[in-house]
Amino acid sequence: MIRQTELNELTEKNPDLVEEKTAKAHELAKKQRDISVAEFFSRNRHLLGFDNKRKALLTTIKEAVDNSLDACEEAGILPEISIQAIDMENERFRVVVEDNGPGIVKKQIPKIFAKLLYGSKFFKLSQSRGQQGIGISASVMYGQLTTGRPAKIISKISKDDPAHYYELHIDTQKNKPEIVKEQVVEWEKDHGTKIEIDIEASYLKGGQSIDEYIKQTAIVNPHATIIYTNPKAEQKIFARVSEKLPKQPKEIKPHPYGVELGRMIKMLKLTEAKTLQSFLTNEFSRVGSGTAKQICENAFLLPKTKPGSFSMEMAEKLVKGIKQTKIISPPTDCISPIGQELVERGLRKEINAEFYCSVTRQPSVYSGNPFVIEVGLAYGGEQPGDSSANLLRFANRVPLLYQQGACAMFKSVVPTAWRNYGLQQSNGSLPVAPLTILVHISSVWVPFTSESKEAIAHYPEIIKEIKLALQEAGRKLGSYVKKKKRVGFEMKKRGYIEKYISHVGETLKELVGFNEIEEKKVEESLKEILEKKRGKLEDIEFDKNKNEDFDEEFALKKDEGDDDE
Amino acid sequence: MNDDINLKIKGVAEEIYKKIKKKEQPNLDVPLRSLTNVSYDDNEGYFKLLGKKKTRTLTASTIKTFAQSLRMMVLSKQLVDSKDLATKREVYYVSKNWGDAKFNDQPESDSTMDDVEAMLLTQRERMGFVPEEDGGAVTGKLKIIEKDVETGKTNTVDCTKFVSGAYNIPNQVEDLEFQTDAKFILAIETAGMFQRLVKHKYWEKTNCLLVSLKGVPSRACRRFIRRLSDEHNLPVYVFTDCDFYGFMNIYRTLKVGSGNAAHINKFFCVPKAQFIGLTPQDIIDYKLPTHKLKDVDVKRGKDALKNDPFVHHHKEWQKAIKQLNDMKVRAEQQALAVGGLNFVMEKYLPDKLKNHKTWLP
């Protein structure tokens, strides 16, 4: 197996190695880089989440927070993250994100923050928020391109180590960090990292705002404390409600089915294995010597072929051979879902509803990558009943705010037959109901439709799992909705009794000829007879103060601002 | 007789009261009002009520109609006590004082009235309710003696004195007395045909009484014909359009009654009545102009064959209905004008009255 440190050394010696000898896509990327990374970036800024000024602010904060949360969890630290967005006027904002994470060793700091496509996450398969190692450095470059100001970083790895302060630019020609300033400073924290970036942006509230993103982040990360100061200098503290860190996801070797050609070539170059046989058994999960032989046979390659000598054609053969070989599914214990109970608790804080339910599916696999789908529903209460249901999408505990229509989650919610569960729905749209639908995917590799990580790609396995989860939760909801309707109907009928009972009493009084006291008695008896017949009425009224978890401050509001998707 | 109604109403109310006292669900029994709940026997001569009942138990979903039925009974009691009358329309308006129990439209009120009538096995007239509709008209050599209930004075109407008009049959006919030496009664479906026969004093030529049924005969009209024919032993001939409405809704209702108010058929039927035309055979024999039968008409014919106990009893009617359905046409009385305006008096009716074989039972 390739060790992370070795990989770092490799790229250290020859920084271009990774990019140079890889797939065609990377060669194309290299050509663009020859023009300049800046050019590449500005041409593709929409892919990276910087299409407009409002989104730029969100993306910058999101990348920094994702990194902080990942780092804390990996180090087993309960995250405490402070986020500040400061309005510097003239559409300039200063974003400051500070965490209590493990910190970064001195020599890595410039590369992590000021080199595109550099990071620890691209080479391993483990459930984490970041994936490609583009995020934070893209934000640094965006800041540099729009304001010309360097990113400022402080990091400290322990009480006994010094805190290192850097001011960094990116050399946009060479994709290399350019250190503007470097010094050791005093920092009150024992360990952690702080980043400060100035960017051109705009701040709006509403469905796709940073406020929204942070609220939703807090929902699915109940173990984190987040202190957020928005550009209007209003501070909100989302306190941790669970002292338990999520189960540490296990790192796994890739499953052969999930490795595409480019990645395969890269792995062949970097492996220490001397033969194809040992490469297959050492670098992949679920490949024993028997399976490896079978793969070689199907690929028409000798097991003794040296991985270093592979040509493009041979690599292609190998990928084809793998496809023809039956290999058992990857292990699924490497996934750490939020958990049924915490999903529901998250919703309870978020929405003051009458009914909550959640479902955590068993792990499943797409293209050799294990994943878990979770769904939560909150119904009724203070939610508006005459508009479409509110869909909250999450991937590895990160809220997805943009491109809802293109997302596999949306594509799974829409064809689900919500009418079966007592809700209104017209074809091809979300149900119209006082409903919030939460969908979360956890995976070692979340398949986004683009680098900006806004929508989940349409893998049939994923869509199927989401649908099954929605149906399971939908059935629970359905029985509640039906019960509610039944009780509503019952209430109406009882109202009916009240309405007409006096007529019966009055007419009988006149026809039989008894007095008013008797009339009252008749009415009482009649009421008793009719209500006994109907049985005890279940209490299903919504009490807005019944939900003790609900925090108004914390609640998601669908009002201010407009959604500019 | 009126006390009788009050007793019945009180009986129903006490029954309900007793049940409530016993903490049991009260209920109302109403005879099923449909053709499936009548039988026909030629000897009796009318649709007789079978015992089928629908029990309306008081529940949350029936309490509204339950309350309305009781309200209707209270109103009836008040009318009977004060010897007053209310038309169906008036009853509907009276109900507007009943708060939540008011009727939203007249059919709703009429239907509740019919239910109460059937439940008490009485006539709505005895409950003080009268229809709005015209009771039909009569003319011919007939003297009608009317009695003013309040003053006891009598008034005699000589129908021969009418020049172009006729005596309108009132809603209450029980107290009328008749003097006549006419030979038969001719009951006519349409006012137009009646007018023609009146204008030409057809009654004088044939010594008959002409009755205008004005469509489906009202109860009063049926009772009027019944009493007249019974008391003076007059045969009754019925003359309608040649279609299923004429056959069933008009003729059959006149003769044996209806399924809807079967409990009163005994009094409101004219078993002596006979159908002289127009028959399907007349269309052929007199080469009458016709109209096409609509799908709903054909269905009505089939329904009669399937469900009507009267049709089941008479092979001749079955034949006639099938014949008309096969011909797929219908003809109106006025179609006889094709042979000349007075063809009906000069040729058709004399022919028909002579030849019993062309009639239907």
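This is a predicted model: local features need pLDDT of at least 70, side-chain atom pairs count only at pLDDT 80 or more; totals for chains, interfaces and linings use all residues.
Residues are numbered from 1 along each chain as its sequence is written, and chains are lettered from A in the order in which they are written.

Begin with chain B, where 6 strands (DSSP runs of E, at least two residues) form an open, mixed sheet in the order β10-β7-β13-β12-β14-β15. Select β10 (167-168) and β15 (274-277) of chain B, which stand at the edges with a single partner strand each, so one side of each is left without a neighbour in the sheet. Next select β7 (residues 137-140) of chain B, which pairs (pairing needs at least two DSSP bridges) with β10(B) in the antiparallel sense over 2 bridges, and look for Ala137(B), whose bridge partner is Asn168(B).

Now move to chain A and select β14 (residues 435-443), where 9 of 9 residues are buried (20 or more other C-beta atoms, placed from the backbone, within 10 Å of a residue's own). Among the residues pointing one way from β14(A) are Leu435(A) and Ile437(A), while Thr436(A) and Leu438(A) are among those pointing the other way.

Finish with the neighbours of β14(A): β11 (residues 369-379) of chain A runs antiparallel to β14(A) and is joined by 9 bridges, whereas β12 (residues 390-395) of chain A runs parallel, with 6 bridges. Thr436(A) stands opposite Ala378(A) and also opposite Asn390(A).

Terms used:
Helices (H or I, at least four residues) and strands (E, at least two) are DSSP runs, numbered from the N terminus. A residue is buried if 20 or more other C-beta atoms lie within 10 Å of its own, exposed if 12 or fewer, and partly exposed in between; C-beta atoms are placed from the backbone.
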